[in-house]
Amino acid sequence: MTKLHPITKISIVFILSFVVLLFSNVFDLICLLILIIILGLLAKIPIFSRKFRKIIIGILISSLSIYIVWCFFTPVEGDIIFFETWVGNWHILISDQSIYIASRYYLRIINMFFLMIFFFAGISDRDLIHGLRSIKVPFTVTLIISMTFRGLSMFQQEYSIVREAMMTRGVEFERASIPKRIKNFISIFIVLIVLMFKKTEDMAASIESRGIPLRSKNRTTYHYFPIKKKDYAIIIGLFILLFFSIYLSLINKSFVFLFLELF
Amino acid sequence: MNNSSSGMEEVRIGVTWRHLVVTALATGVSAILAIYAVILAPVAPFPGVSGLYLAAAVYVPLSLWLGMWGCFAGYFSCVILGFVSGFGPWSFVWAMADFIEGFVPLLAFRIFKADVDIGANLKRKKEMYILLAILVINLIVSAIATAIGGLEVLWLITLIVAVVLIIFMYIINPSRSWLLYVIFGIFGAAITSALWGIWGINVFIGEPSAEAYWIGVIGWFAGDLIVLSAIATPMMVSLTGKIKETSIFVDKWFS
């Protein structure tokens, strides 16, 4: 999995994210989630490590709150009604259908979240650049995308550095009142914005000094990644899955139930 | 190229690497802030919506400083947030909410040909900030009254109070830039992005009830109002003058 061509890895994320949107059956989404986790493990992403566990639990809990509120705020009639009451104009109706819809939505978020873990942890900056260059994306666009992702990690570090620097000077972040927190954030924002402009000047000067024109067409690359047969096979397989998912959503059928009917 | 009266030629520099690099880096900063905001203060049942959307504080100043590049930074950072929040490819549509957030004030300033330096010649700063805080609270009450329904009188009162406050601000500080910023940079940006953003989520997740829809709109609108008035305004006042002196500043649309 780690030896796959970058474009194959990017295709896995993007095509599966379309499939997530097309699947409307809870069981289909569970199967897809299992597939994504297996792919993540094959790509040697430490999904169940302490670092990732903390983030995953955080997302599961925050999404669960969305799930619960969805059930309470969206009255959907169903075959089985578990709870029904009126609070003023507010109609609370929890039925099997509202739980089913909330579950479907919850699973979509979790699927997408694991795909994003796959994307950010499984695809490096270099992978992204080589992947985009191999499908003839213009060099300027590739460079901007690469800088954006580098900017993400760079400013995350800068944010932590500025925050820690302020904390060492006695600025309270954790136990401060809301107006005080906003004031602290303004201080961090201003530093980040100034840093951003400074880094922009440096990076732009660096690019210009290398003589890279804005509209460069035929730039040569040092690294060459050929697309192998297994890459083609995976990409074709992904497209078959995508078209089959479109077909299933058009005829309103479930992938899992169709599979069970066949066997 | 224009020939000035002194015989010197004023050369207009087009799009340079600086604009593209700043777009990329601004996207990075905004995305980090957006992700932190959504994780720290989510508005259930809508994913990707925050009650304290810190990134909004960057979008409006960036669009006024960097023109369309600032709007693009807002858009792409929201696309990243959308992917992290579980929207997948739908993020490309939903992210228009944050593009609009920067574009509305930019459009207003360009149409009225106003100076983006709202802090230049700002009179009685303290009084202006107090009036702005009252206006924001008033607008949040107005939004709640609109959403709940049956509170038309309260809604009308808040509307009158808002108009009076804006007129009062103009009397204290007769600056067209400040007025445009308050109307389009704070209120206009917050309401348009809230309506588009929640519509986008609505289409993505099916048809939630009207109550849920308005909770989302109020959450988004109130969060943006607070952040735009409390964080973006001081940033605009303190930094615009300095940024105008740099080569990155965009005084038209793209350069």
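The C-alpha centres of domain 1 and domain 2 of chain A lie 32 Å apart, in a predicted model where local features need pLDDT of at least 70, side-chain atom pairs count only at pLDDT 80 or more, and totals for chains, interfaces and linings use all residues. Residues are numbered from 1 along each chain as its sequence is written, while chains are lettered from A and ligands numbered from 1 in the order in which they are written.

**Domains of chain A**
- Domain 1 of chain A covers 1–123 + 226–257 and domain 2 covers 139–216, with bounds that come from an automatic or database domain assignment.

**Two packed helices in chain A**
- Helix 1 (residues 6–22) and helix 8 (residues 229–251) of chain A pack at an angle of about 10°, with their axes 10 Å apart; axes are lines fitted to C-alpha atoms, for helices over the stretch in contact, and angles run from 0 to 180 degrees between N-to-C directions.
- That angle makes helix 1 of chain A roughly parallel to helix 8 of chain A, a term for angles under 35 degrees.
- Helices (H or I, at least four residues) are DSSP runs, numbered from the N terminus.

**Contact between the chains**
- 43 residues of chain B are in contact with 45 residues of chain A, where contact requires C-beta atoms, placed from the backbone, to lie within 7 Å.
- On the side of chain B that touches chain A, the largest share, 15 residues, comes from helix 1 of chain B.
- Helix 1 (17–40), helix 3 (68–85) and helix 9 (210–244) of chain B are the elements that give two or more residues to that side.

Methods
Contact = placed C-beta atoms within 7 Å. Parallel < 35°, antiparallel > 145°, perpendicular 65-115°, else oblique.
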